[in-house]
Amino acid sequence: MAEEKNLSNGQGENAQKETYSLNDDRRVKVLSPGAMVAKRFFRNRLAIVGLTVLIVMFVFSFLGGVVSPYSQDQIFYTEEIQMKSFANVTENTEYRYMAADGQKFSGVLQGQSVLAIQKGGGTFNYKDVDYVVTKEGEEFFSVATADGEMIGIAYMDVVSASNEGDKLSYAFTYNALKAYTNGMSSFEADGSGYELAEDGSVLLQGDEVAYISRYVILPSANDVFLSRSFKEELQEALEQDVEEFAFTNTDGETNEYTVDYDAYTKSWTVSQETYTHVFDRYGFPSKEHWLGTDGNGMDMLTRLMYGGRVSLMIGFIVVFIEALLGIVLGGISGYFGGWVDNLIMRIVDVFYCIPSYPILIILGAAMDGMRMDSQTRMVYMMLLLGFLGWPSIARMVRGQILSLREQEFMTATEACGISATRRIFRHLVPNVIPQLIVICTMGLGSTIITEATLSFLGLGVKFPFASWGNIISDVNNTYVLTNYWFIWIPAGICLLVTVLAFNLVGDGLRDAFDPRMKR
């Protein structure tokens, strides 16, 4: 008996030792639904790859712009040699006109004078006033009223000042041309006597003050003065029909010029190589600009960072607007049913029939016409995309709620007297969240593609804001496409991997929320 008692006592002690506590590692672990979803998600390697890519793109876009030493609209310049127009030369073959002091020589009056000049002189009447055209010399005419009041002159040869800043009076021009066209060697004007050389030089006390020539040589820039010696050497070069010539100025500096003749305008363009401060357009990758510069001279890497920020932000805001409208309207439609459901579903059908892209293109063109600023335009675009994209979410929410509202827990909420609003948004909508997350995640990719398409067409995000779409739109011709790969390939890769990553994460979430999926 004693042995049996000892045996039973030993078995009792062993039973007490094998009793499990709540903290015992050998107990069965029960995971929460959220933990189960997370476990299924992290088992999906493609989903993890997509999530990693999204994290990298978010860090690149939102933190990269902060770290970058440049701003998204900062323009860079460079020095380069360009052929710029220096002067324009025309051999005068038509009459020029100059009004006398205090007179108006209008275009109509000039036209009437030309008709009289073609007849070698004569009279004509304009606005009940008689005018007399007198031949003063070879291809040189004066126009005056019948009373002898001088109106102006018409001439072929041009009188130009030899010294910078000098202005020639009407009396000087008139008397110089009259003497030159009549073969005279001197003339008087403005109280001074002038000598006239055979080459057209006008001298005052041995110093040249003006010259007469049939060639009209004008500088391309207003602040440039062309000396007489330059014009003479240029005229000689034109007569010899050369394409290049060099000129040495009074300071001993020699400049080279190229001459191009335009047969259509019958004029010459004199060009010179100059160092010009210009935009650093399409600069190749360098130490300062790792991805080069774009067509506006802006750093491509910085634009890529800010472009990702804009594209991702537009995607999330548009999807949020779509989800908000879809949850509210889909929840109301699915819960109440009846005529409310019919009304909302017919509205959904109408939105499905709306041609989204034509509307977006028309509104984009209208905003261009109104010259709307870039920030306001971007806000309107997000609102419009969200307003046009909610019907699919509303239909999904409605379908889920139709199946949920007949279950036992909804009967319990009715028995407890919970209001309809609380029943919809507190008990029904949370059961739709898993499917909603999947749809929104996969919809982010399509929204970013839509924004990029509109920006590529010039109807989305506008300068100075950057987006991946309008960065790619800079490739507007074959030359840029084939020679400047760094403009469009990085933006295209960012767009591709981001949309692909959103789709991978969406597929992973769909599989994780579905308990029937095999693992």
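This is a predicted model: local features need pLDDT of at least 70, side-chain atom pairs count only at pLDDT 80 or more; totals for chains, interfaces and linings use all residues.
Our opening stop is a pair of helices. Helix H3 covers residues 45-67 and helix H17 covers residues 485-513; their axes come within 8 Å and cross at roughly 135°. H3 and H17 are therefore oblique to each other. The way H3 passes H17 is a left-handed crossing. So who's doing the touching? On the H3 side you'll find Leu46, Ala47, Gly50, Leu51, Val53, Leu54 and Met57, while H17 brings Cys494, Val497, Thr498, Ala501, Phe502, Leu504, Val505 and Gly508. Sorted by class, this contact of H3 with H17 has twelve nonpolar residues, three polar ones and no charged ones.

Another helix pair sits elsewhere in the chain. Helix H7 runs over residues 300-336, and helix H8 takes up residues 338-353. The axes of H7 and H8 come within 7 Å, crossing at roughly 145°, and this crossing is left-handed. From H7, the residues Leu329, Ile332, Ser333 and Phe336 meet Gly338, Val340, Asp341, Ile344 and Met345 of H8. By class, there are six nonpolar, two polar and one charged residues in the contact of H7 with H8.

Now for the strands. Take strand S1, residues 77-91, which is joined to S15 by 13 bridges, with the two running antiparallel. If you'd like one of these pairings to look for, Asn88 has Thr269 in S15 as its bridge partner. S1 also has five bridges to strand S12 (residues 215-219), and these two run antiparallel. Here you can look up Val89, whose bridge partner in S12 is Ile217.

While we're at S15, let's pick out a residue there. Gln272 lies in this strand, which spans residues 267-279. Gln272 counts as buried because its relative accessibility is 14%, and the cut-off for buried is under 20%. Leaving aside residues up to four places away in sequence, Gln272 touches Gln82, Met83, Lys84, Phe86, Asn255, Glu256 and Tyr257.

For a contrast, go to Gly102, found in the loop between strand S2 (96-99) and helix H4 (107-118). Gly102 has 81% relative accessibility, so it counts as exposed; the cut-off for that is over 50%. Along the chain, Gly102 and Met150 are 48 residues apart, yet their C-alpha atoms are separated by 9.9 Å.

Our last stop is an open sheet of five strands. Read across it and the order is S7-S11-S10-S9-S8, with antiparallel pairing. Strand S7 (158-161) and strand S8 (186-189) are the edge strands, each pairing on one side only. On average, and ignoring direction, neighbouring strands of this sheet are turned by 30° against each other. Within the sheet, four bridges join strand S10 (residues 201-204) to strand S11 (residues 207-213), which run antiparallel. Ser201, for example, has Tyr211 in S11 as its bridge partner.

Helices pack on this sheet too. Helix H5 (residues 170-181) touches S7, S8, strand S9 (192-196), S10 and S11, and its direction makes about 165° with that of S8. Helix H6 (residues 228-239) also packs on the sheet, touching S7, S10 and S11; the direction of H6 makes about 35° with that of S11.

Methods:
Residues are numbered from 1 along each chain as its sequence is written. Side-chain values use heavy atoms; hydrogens and water are left out. Axes are lines fitted to C-alpha atoms, for helices over the stretch in contact, and angles run from 0 to 180 degrees between N-to-C directions. Angles under 35 degrees count as roughly parallel, over 145 as roughly antiparallel, 65 to 115 as roughly perpendicular and the rest as oblique. A crossing is left-handed if the near helix is turned anticlockwise from the far one by less than a right angle, and right-handed if clockwise. Contact means heavy atoms within 4.5 Å. Ala, Val, Leu, Ile, Met, Phe, Trp, Tyr, Cys and Pro count as nonpolar, Asp, Glu, Lys and Arg as charged, and the others, Gly among them, as polar. Buried means under 20% relative accessible area, exposed over 50%, partly exposed in between (1.4 Å probe, protein chains only). Two strands pair if DSSP finds at least two bridges between them.
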